[in-house]
Amino acid sequence: MSAVLTAAPPALPPQMTPVRVAGVVKETHDTFTLTLDPPGEEAAGRFLPGQFSMLYVFGVGELPISISGDPGDSGRLVYTVRSVGKATNALVNCQPGQWVGVRGPFGTSWPIEEARGNDVLIVAGGIGLAPLRPAIQHILRHRDDYVRLLVLYGARSPKDLLYRKELAGWARLPDTQVLTTVDYGGVNWRGYVGVVTTLFRYVRLHPGRTTAMICGPEIMMRFVIRELEKRGLPDADIYLSMERNMKCAVGFCGHCQLGPYFVCKDGPIFPFTKMRPWLDKHEL
Amino acid sequence: MDSKTLTDVLREHPFLEGLKPNHVQKLAEVALEVQFARDQIVFREGDETSLFYLLASGKVALEVSAPGRVVRIQTLGEGDELGWSSLLGNAGKTFQARSLEPVRAIGFDAIRLRQVWEQDPAFGYQFMTRLLKVVAQRLQATRLQLLDLYAPRGTKLV
């Protein structure tokens with residue numbers, strides 16, 4: 001990997017801001033949280049929950065990563081990255097002080113305004129909790145604007161759970177219910193074992209007064225939507241994050257086209273009403 | 001179960017939601033309140049028990065033993081059903097059940113339940129329809145679990 005650890009930022013393509021890595025924290029065996037110093041321009045550090053940036057590792061490549069930090073925070077940009085390929089490996093191996101390139105933020109956001117006055121149901125699977133964390137943090141910062149906060153989180157195994165301390169902290173808050181489940185649990189795991197949809201048995205939803213925000217593998221999201229429909233949640237109150245093949249982030253290259261939409265430009269957060277015709281289409 | 005009568009607890013259990021009052025009453029006549037301490041084995045793999053439980057509170061893990069380890073395959077909680085295979089007359093439990101926290105439940109002897117249903121087949125049909133839904137939900141959940149949805153993209157299952 002070509003580490004860029006110099007005093008001066010390297011030359012960058014237009015619209016890309018050079019930003020220094022402030023730190024990298026290991027979340028799980030394969031997932032890391034990367035914090036970047038505030039970008040030079042104040043506006044570049046502002047984002048809405050659910051938006052993503054394009055992160056460029058010099059000499060390796062550029063990739064879309066959801067912002068996972070607190071939108072009310074100091075302007076530092078936070079990303080949780082699963083190390084699964086060349087570019088993500090390079091990103092999580094960045095050293096503090098190293099330069100990376102940032103474009104964005106891009107895309108639509110979770111419906112934090114529309115959800116005011118409602119219960120908010122967060123359903124996350126695997127690394128899908130990362131793009132939802134800013135929404136949770138926003139709700140906690142503006143607690144009086146929302147009624148109950150329900151978080152249902154599923155992961156592969158206990159060692160794959162993200163933000164374990166935060167989850168435990170959220171669970172202790174009033175009017176907040178946090179249920180965590182894993183697909184495979186050992187004998188030391190005392191939480192739930194089973195897919196995330198099984199957790200719906202332990203929460204009481206108020207249809208018409210609940211906004212659902214879902215992020216995870218598409219198959220999981222489809223089954224979560226079925227559970228929500230069984231419980232009478234209107235389609236208009238369901239939002240999901242589609243993170244398909246984003247490449248250019250501006251709707252130009254067409255890699256992420258889904259029906260009439262470009263996920264990077266028209267999403268990644270969509271109301272389910274827009275996604276309904278496309279979610280279970282084969283070969284899309 | 002605190003100040004609630006057994007019939008109240010049965011009426012409020014999700015498994016019995018919408019059941020006719022006379023059927024709930026018949027269930028109450030053969031029901032038994034049970035409690036398990038944390039980490040108590042409710043039944044072991046291979047046990048020949050005819051008990052079926054409706055969980056009122058607490059958490060129970062279903063486990064299977066493999067050489068050198070125990071795998072926890074599912075967790076059940078308040079409002080769930082435990083030991084459904086007893087109702088089919090199956091001899092021998094497929095999995096081990098262990099309470100993860102103090103559990104309160106209502107137990108039914110499947111042999112007695114079947115006697116009740118033989119006298120009132122409409123009640124038996126209602127009960128078995130509910131049970132089939134539970135079994136179908138567990139089958140669907142197991143299939144999703146097998147998909148290993150959260151594995152990194154490109155990970156091959158077979």
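Before anything else: the model is predicted, so local features need pLDDT of at least 70, side-chain atom pairs count only at pLDDT 80 or more, and totals for chains, interfaces and linings use all residues. Residues are numbered from 1 along each chain as its sequence is written, and chains are lettered from A, with ligands numbered from 1, in the order in which they are written.

Let's start with chain A. Six strands make an open sheet there, in the order E4-E3-E6-E1-E2-E5, with antiparallel pairing. Strands here are DSSP runs of at least two residues, helices are H or I runs of at least four, and both are numbered from the N terminus. Pairing takes at least two DSSP bridges between two strands. From one strand to the next, the twist averages 40 degrees. For such angles, axes are lines fitted to C-alpha atoms, for helices over the stretch in contact, and angles run from 0 to 180 degrees between N-to-C directions.

Look inside that sheet. E3 (residues 52-57) and E6 (residues 99-106) of chain A run antiparallel and share four bridges. Met54(A) sits opposite Arg103(A) of E6(A).

Now chain B. Its open sheet has four strands, ordered E2-E7-E4-E5, again with antiparallel pairing. The edge strands are E2 (41-43) and E5 of chain B; each has a single partner strand, so one side of each lacks a neighbour in the sheet. Direction ignored, neighbouring strands are turned by 35 degrees against each other on average.

E2(B) is joined to E7 (residues 96-99) of chain B by two bridges, antiparallel. Phe43(B) has Ala97(B) as its bridge partner in E7(B). At the other end of the order, E4 (residues 60-66) and E5 (residues 69-76) of chain B pair antiparallel over seven bridges. Ala61(B) is bridged to Thr75(B) in E5(B). The hairpin of E4(B) and E5(B) has two residues between the strands, and Gly68(B) takes a positive phi near 80 degrees there.

Next, the core. The largest nonpolar core holds 108 residues, and Leu55(A), Ile122(A) and Leu240(A) have the most contacts inside it. Such a core is a set of buried Ala, Val, Leu, Ile, Met, Phe, Trp, Tyr and Cys residues joined through C-beta atoms within 7 Å. Buried means 20 or more other C-beta atoms within 10 Å of the residue's own, exposed means 12 or fewer, and partly exposed is in between, with C-beta atoms placed from the backbone.

Which residues does Leu240(A) contact beyond four places in sequence? They are Ile214(A), Cys215(A), Met221(A), Phe270(A), Phe272(A) and Met275(A). Contact means C-beta atoms, placed from the backbone, within 7 Å.

One residue deserves a stop: Gln177(A), in strand E9 (residues 176-182) of chain A. Gln177(A) is partly exposed, because 18 other C-beta atoms lie within 10 Å. Leaving out residues up to four places away in sequence, Gln177(A) touches Leu150(A) and Val203(A).

Last, the interface. On chain A, 25 residues are in contact with 19 residues of chain B. Strand E10 (192-193) and helix H4 (218-230) of chain A each supply at least two residues to that side of chain A. H4(A) gives the largest share, three residues.

Terms used
Two residues are in contact if their C-beta atoms, placed from the backbone, lie within 7 Å.
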